Amino acid sequence: MSALLALDIGGTKVAWAVVRAQDLAVEERGEIATLAHEGGAAVARRIGAEAARVLGARPDIEGIAVASAGVVDPEAGRIVSATNTMPGWGGTELARILREASGAGAVEILNDVHAHGLGEALLGAGCGRETVLVLAVGTGIGGALVVGGEPALGDHFLAGHFGHVHHPLGAGMPCSCGREGHIEAFCSGSGITAWYESRRGPGDPAAANGRELQALADSGHGLASACFTESGWAIGECLGSLANCLDPSLIVLSGSMTRSGPLWWEAVKKGYAEQAMNAVADIGIVPGTLGGDAPLLGAVLHFLNRRGPAPQN
């Protein structure tokens, strides 16, 4: 096997990379806008057209490895369901659409955060560990438990939806899944901004996004700083509870919120210490190392695990 086209389908953009199967080197990369508001069918057509374009220019590509937002059934190659960040994405027969649009002989699909976790566990910060708990804290929050080189999927493919763990600080905050009080609702990049906006008084400046809120916190604004401290603490508490149940070798955090600075990281670790049992109290909580390549490389690893051969180091 020569090369694969890897796709990372998110609510804002679709990133792609041409990856050599032998050594997982990225040879070429690009991205297109998702335009999720146009609906699942339009998004799938746009991705299919882009895949066809790339494959037309690279006849050495032998398959497509996909990391996609939404609840994914890898066996059927289908999006089972999705939150309102991807309207109409649920039910999309993505593998079939990509095969028909591009002519690719093989298409393998995995949930984007499962792929992200697989990439970090095998090639990134978790390399060499048997059981790795990965939490991606960005626009939303998701994760994966990777054991022995395979992400846990669950009977309904929901395993790893750690962003939908309840926390009392999120009371009344709507989550993308339609419930309230989940950590994604107030700890994600979009959630923390909404949380600040729901709490600010007449004298507090508005924050349109996480970047503006970070600037406020960095300037010493009390409420903005509190939002980062309290959301970091809540994530740490949830991670402690998860570690008590799952007993990982290592916890890896990635995503845009991990760039929030020492205030956030210190709060995460303090929250974790409050909840973690003695046996897991001292396991590492470390930042991911692969950045945006984690889901792309994780999707390729998933493809190779199913289709072979394994990459050579």
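How many of the 15 residues of α9 are buried? The answer is 11, so α9 counts as mostly covered; buried means under 20% relative accessible area, exposed over 50% and partly exposed in between, with a 1.4 Å probe and protein chains only.

The model is predicted: local features need pLDDT of at least 70, side-chain atom pairs count only at pLDDT 80 or more, and totals for chains, interfaces and linings use all residues. Residues are numbered from 1 along each chain as its sequence is written, and side-chain values use heavy atoms, with hydrogens and water left out.

View 1. Helix α9 covers residues 293-307. Helices (H or I, at least four residues) and strands (E, at least two) are DSSP runs, numbered from the N terminus. The buried residues of α9 include P295, L297, V300, H302 and F303. The buried residues of this helix pack against β1, β2, β4, β7 and α3. Contact here means heavy atoms within 4.5 Å. The end C-alpha atoms of α9 are 21 Å apart, which agrees with the 21 Å that its 15 residues should span at 1.5 Å a residue. The expected span is 1.5 Å times one less than the number of residues.

**View 2. The open sheet of five strands.** The strand order is β3-β2-β1-β4-β7, and the pairing is mixed. Two strands pair if DSSP finds at least two bridges between them. β3 (26-33) and β7 (107-111) are the edge strands, each pairing on one side only. Neighbouring strands are turned by 20° against each other on average, direction ignored. Axes are lines fitted to C-alpha atoms, for helices over the stretch in contact, and angles run from 0 to 180 degrees between N-to-C directions. Helix α3 (residues 112-123) lies across β1, β4 and β7. Its direction is about 90° to β7.

View 3. Strand β1 (residues 3-9) runs parallel to strand β4 (residues 61-68), joined by six bridges. L5 has I64 as its bridge partner in β4. On β2, the pairing with β1 is antiparallel, over seven bridges. D8 has A15 as its bridge partner in β2. A hairpin of three residues links β1 to β2. β2 also pairs with β3, again antiparallel over seven bridges. V18 stands opposite E28 in β3. Five residues lie between β2 and β3 in their hairpin, and L24 in the turn has a positive phi of about 65°. β2 is mostly covered, with six of its eight residues buried.

**View 4. Strand β11, enclosed on both faces.** All five residues of β11 (residues 250-254) are buried, so the strand is largely enclosed by the rest of the structure. L250, V252 and S254 point one way, whereas I251 and L253 point the other way. Five bridges join β11 to strand β8 (residues 131-137), in parallel. L135 stands opposite L253. Four bridges join β11 to strand β12 (residues 284-287), also in parallel. There, V252 stands opposite V286.

View 5. D247 is exposed, with a relative accessible area of 52%.

**View 6. Q214 and its contacts.** Q214 sits in helix α6 (residues 210-218). Q214 counts as buried, at 16% relative accessibility. Not counting residues up to four places away in sequence, Q214 touches F228, R259 and S260.

**View 7. The rings of W264 and W265.** Rings of Phe, Tyr and Trp (its six-membered ring) pair if their centres lie within 6.5 Å; planes under 30 degrees apart count as stacked, over 60 as edge-to-face and the rest as tilted. By this rule there are two aromatic pairs. The ring centres of W264 and W265 are 5.5 Å apart with planes at 90°, so this pair is edge-to-face. Both W264 and W265 are buried.
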